[in-house]
Amino acid sequence: MDSLSDLLAKEGFVRDKKVQLVAAPDHDSIALPIYICHNRPKHRRTASSSKQQRRPSNEPAIDEVATKAVISILSGYAGKYLKDKGFRDSLRDKCLVNRTNGLLDNMELGIQSIEKLIDNPGTVKEMKVKLLRNSIGFLTIVASLNSTKGTGDSNSQLSACAQLYLSIVYKIEKNDRICARHVLQVFVDSPHLARTHLLPDLWEHFFLPHLLHLKIWYNNQTESILDHLVSRDQEEQIKKHLSKVYDEHMDMGTAQFALYYKEWLKTGWQPPATLPSVPLPTINLFSSSSTRRRRSSSLFNIFVHRTIFGNDVEKQASTENDHGAMEQKTENEEELCIDVYNTNQQINTESRPIDPQGIKTPTQVTHSHVNSSSSDLTQAISTISSSQSLLKCEMAIRAMAKAWLDDPLIENTLAKPIVIEGMLEVLFSSDNEEILELVISLLTEFVARNELNGKIIKNFDPQLEGFMNLMRNSSLFLKAAALLHLVKPEAKQMMLTEWVPLVLRVLEFGDQTQTLFSVRCSPQVAAYYFLDQLLCGSDQDRMENGRLVISLGGLSLLCRRMATGDIVEKIKGVSIIYRCILSDGRCRHYLADNLNPELIFELMVYDCSDTTISLLVELICLHRFEQRTKLFEKLLKGWDCLSTMQILLVCLQRATLEKRPLVAAVMFQLDLMGDLLESSVYREEAIEAIVQALDRKILNENVQEHAAKSLLILGSRYSYTGTPEAEKWILKEAGYDESLEAGFHGRYYVVQGSKNLNNEDEIEHWLRKAAMSLWMRGGKKLIGALGESIANGLPSLARASLVTISWISKFVHTVGDGDVLHSIEFSTLIQHLMQCLNRDNTIEERILASFSLLSLSKSSGFLFEISDDEKNAMVIHLRSMSKVTWTAKRLVTIIAGSPSRR
């Protein structure tokens with residue numbers, strides 16, 4: 001068997017080999033679907049322009065950008081295999097269905113090698129090379145079967161499956177170009193199997209736009225059957241024959257375009273000069289003697305249907321016509337792709353169905369239409385603008401749609417406020433779904449070309465009541481969502497809570513791109529936009545909508561979407577989930593068990609956004625210590641080949657100044673899962689970042705607010721909603737209960753129940769480890785920074801610093817670090833704590849200060865170093881607190897027994 005390098009070389013994979021790119025000329029005749037080329041330069045051409053526009057020297061070649069997009073799309077579908085176990089199992093079952101074929105042994109061995117490699121990502125390099133070599137060898141044997149057979153036998157199907165698995169091998173090897181070529185070969189070997197079973201989503205997204213004229217032809221032929229009086233058996237036979245012809249042509253077209261793109265990737269950045277041409281089938285489904293005309297209304301309906309979809313006009317191969325409508329909310333967000341409906345196919349007028357008796361031939365209809373199209377459009381515009389008859393307005397919509405498909409340059413004629421408003425009246429009044437879809441398609445075209453048309457729609461339906469009714473329509477809700485997304489409604493227009501279930505339905509069922517004439521829109525992109533609006537309104541609306549998303553199972557849906565979605569969808573999903581936590585913090589417990597932490601780390605590696613960091617911080621604020629520990633164990637598994645601590649360290653360095661202390665707090669908590677006796681660069685970096693955030697020289701309120709939150713996270717005590725409760729715990733330890741202001745209720749806070757008591761012991765042990773690590777590793781820098789924050793920080797930071805000193809001081813006597821206790825920073829801290837006993841501070845701050853001083857007195861002789869005047873002042877303040885905390889009485893007793901110092 002050949003070595004791995006030999007096998008890879010045969011496929012065109014050569015390491016460390018630089019490929020010299022040659023600038024390719026423009027190809028006006030080649031029309032790659034615009035949705036493939038997101039960043040493609042826009043060149044607007046009129047029908048009369050024939051000159052090629054030269055590309056500026058500082059712009060990338062269109063062909064180069066398009067090629068990269070093609071490779072990305074194709075290899076991305078192979079990459080789905082690596083992440084989705086359900087997809088892996090489904091693909092395996094489809095490819096190994098015929099167990100009687102002995103060739104499946106090689107296929108199965110190749111698949112086993114791939115799955116073993118994926119299930120064990122930590123495989124050593126030598127073993128990985130061996131498994132890849134085995135996979136390529138076994139699969140190449142099966143893939144070679146199609147060299148002598150057609151595309152319809154079982155060997156071609158096996159070959160297609162082998163090609164798909166070979167693409168996965170090269171995806172693992174990170175050779176996306178070769179991976180993409182093998183994916184294309186799947187559609188060459190067995191186009192029917194590939195488009196219907198193996199990769200139907202990819203086919204619809206990548207190949208179908210080239211073959212839409214076949215699908216339209218098939219729909220027209222199917223409807224024409226209804227206009228002939230034939231027996232049931234004859235009807236079934238005709239439909240069977242029609243389906244067979246349609247499948248044959250669709251398979252042929254798919255294979256042709258697969259070969260076209262494969263040749264493109266094989267030759268380099270320059271696409272082939274000739275685009276494949278897939279003509280319509282030429283068949284005669286009916287004989288003139290076997291059919292007769294049914295009723296006149298049926299004839300009229302089929303005539304209108306053909307007129308709308310242009311079957312009576314010969315379509316010429318079109319040049320690229322990029323309307324260039326693309327919207328982007330923020331970087332890497334919300335892409336709206338505009339695709340031209342023209343299929344660049346030569347459509348043969350002789351291949352149309354034979355009309356029943358009494359109907360004009362296509363040629364006659366064409367001439368009639370050309371002579372009357374202008375007057376028909378004028379009449380349609382007049383009707384839609386003024387008529388009160390819904391039926392007449394519906395007929396006008398048909399005529400306008402027909403005119404638009406014939407010539408989109410009539411935009412200025414149709415896209416007028418009075419016409420748009422008339423169309424909206426039909427949209428919100430009619431119950432004819434065909435008419436509704438035509439109106440939605442026309443309006444989508446208008447808004448995609450000019451955003452001012454979207455404002456006209458918003459002004460006509462300011463509360464979106466009409467759109468809400470459309471979103472309830474089980475047939476049109478995805479198309480309605482696509483149009484509404486282009487209109488860009490604001491949160492104040494989506495006040496009703498009924499929007500939440502409607503939007504979640506779009507998110508769940510909006511996998512397929514919606515094609516509205518020449519505009520291609522993603523309903524899922526629309527759904528994320530709507531959710532973003534629903535969760536960013538006023539506080540009351542945001543909280544209510546967030547809780548409704550949670551109660552309707554939205555978190556489960558978002559987790560599933562993020563598990564299979566691309567990086568852009570993951571970013572949007574994280575944002576929505578984070579806002580749900582802010583709406584109802586209790587949902588963090590569900591997310592801790594059901595959200596895959598690898599998704600968060602993947603995003604951290606990708607961009608380390610503030611939202612991703614905030615979500616991770618919220619997830620660790622769990623009430624039950626046992627659940628928190630399990631989450632920490634999952635988090636420590638890392639992502640891909642990177643360890644968790646490596647990812648967090650890089651994120652710490654890349655994060656904004658405001659988010660650095662939060663990343664540091666998470667990294668410090670996870671480091672506590674290890675051995676404290678061993679040195680840790682992650683621990684040192686985390687503590688250093690927290691100290692820097694406490695620096696009073698940083699006059700940034702946001703930094704201080706996040707530093708305060710990071711300190712409270714270190715306290716490791718949270719309510720069920722995720723609110724930090726370290727302060728509440730210390731106050732109860734000190735015997736203070738705000739509901740019993742007349743006196744304290746005991747020296748220690750005892751948690752009822754053995755289970756809670758065990759949980760309390762575990763938290764206390766955890767806090768002891770944290771205190772030891774902070775005291776010993778943070779040392780004088782940390783103590784000095786906390787003292788300065790108590791005295792000079794924002795109120796929130798001063799309070800958080802005081803709480804941190806309180807729980808750390810509880811365990812200081814077990815550390816015994818004399819260097820810190822005898823430092824200037826420690827003496828300064830004692831002075832700040834004594835000042836906190838003043839009546840000017842809140843009772844809680846005074847109790848926290850007394851608790852800290854009492855705890856530190858056990859391991860430090862600071863009372864021997866303060867003057868008698870300072871002691872007397874302390875005693876006065878402490879006696880005023882003696883009714884609410886036992887710590888004041890104890891501290892007064894200790895001060896009284898200390899020696900005097902003048």
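**Close-up 1. Helix 25 and helix 27 cross at roughly 110°, with axes that come within 10 Å.** This is a predicted model. Helix 25 covers residues 567-583, and helix 27 covers residues 597-606. Angles from 65 to 115 degrees count as roughly perpendicular, and these two helices are therefore roughly perpendicular to each other. Helix 25 passes helix 27 in a left-handed crossing. So who touches whom here? On the helix 25 side, look for Ile567, Lys570, Ile571 and Val574. On the helix 27 side, the contact is made by Leu599, Glu602, Leu603 and Tyr606. Sort these contact residues by type and you get six nonpolar, two charged and no polar ones.

**Close-up 2. Arginine 560 pairs up with glutamate 508 in a salt bridge.** The closest N and O atoms of this pair are 3.9 Å apart. A salt bridge needs that gap to be within 4 Å. Arginine 560 sits in helix 24 (residues 554-564) and glutamate 508 in helix 21 (residues 499-509), so the pair ties together parts that are 52 residues apart in sequence.

**Close-up 3. Glutamate 618 and arginine 588 meet through their side chains in a salt bridge.** From N to O, the gap is 2.9 Å. Here again the pair links distant parts of the chain: glutamate 618 belongs to helix 28 (residues 610-620) and arginine 588 to helix 26 (residues 588-594), 30 residues apart. How much of each residue is accessible? Anything under 20% relative accessible area counts as buried. Glutamate 618 comes in at 7%, so it is buried.

**Close-up 4. Aspartate 584 and arginine 586 form a salt bridge.** Their closest N and O atoms are 2.9 Å apart. The two partners fall into separate accessibility classes. Aspartate 584 has 13% relative accessibility and so counts as buried, while arginine 586, at 47%, is partly exposed.

**Close-up 5. Arg195, Asp247 and Asp251 are linked in a network of salt bridges.**

Methods:
Residues numbered from 1 in each chain as written. Predicted model: local features only at pLDDT ≥ 70, side-chain atom pairs only at ≥ 80, totals over all residues. Heavy atoms only, no water. Axes fitted to C-alpha atoms, helices over the stretch in contact; angles between N-to-C directions. Helix = DSSP H or I, 4+ residues; strand = E, 2+ residues; numbered from the N terminus. Parallel < 35°, antiparallel > 145°, perpendicular 65-115°, else oblique. Left-handed = near helix turned anticlockwise from the far one by under 90°. Contact = heavy atoms within 4.5 Å. Nonpolar A, V, L, I, M, F, W, Y, C, P; charged D, E, K, R; others polar. Buried < 20%, exposed > 50% of the residue type's maximum accessible area, 1.4 Å probe, protein only.
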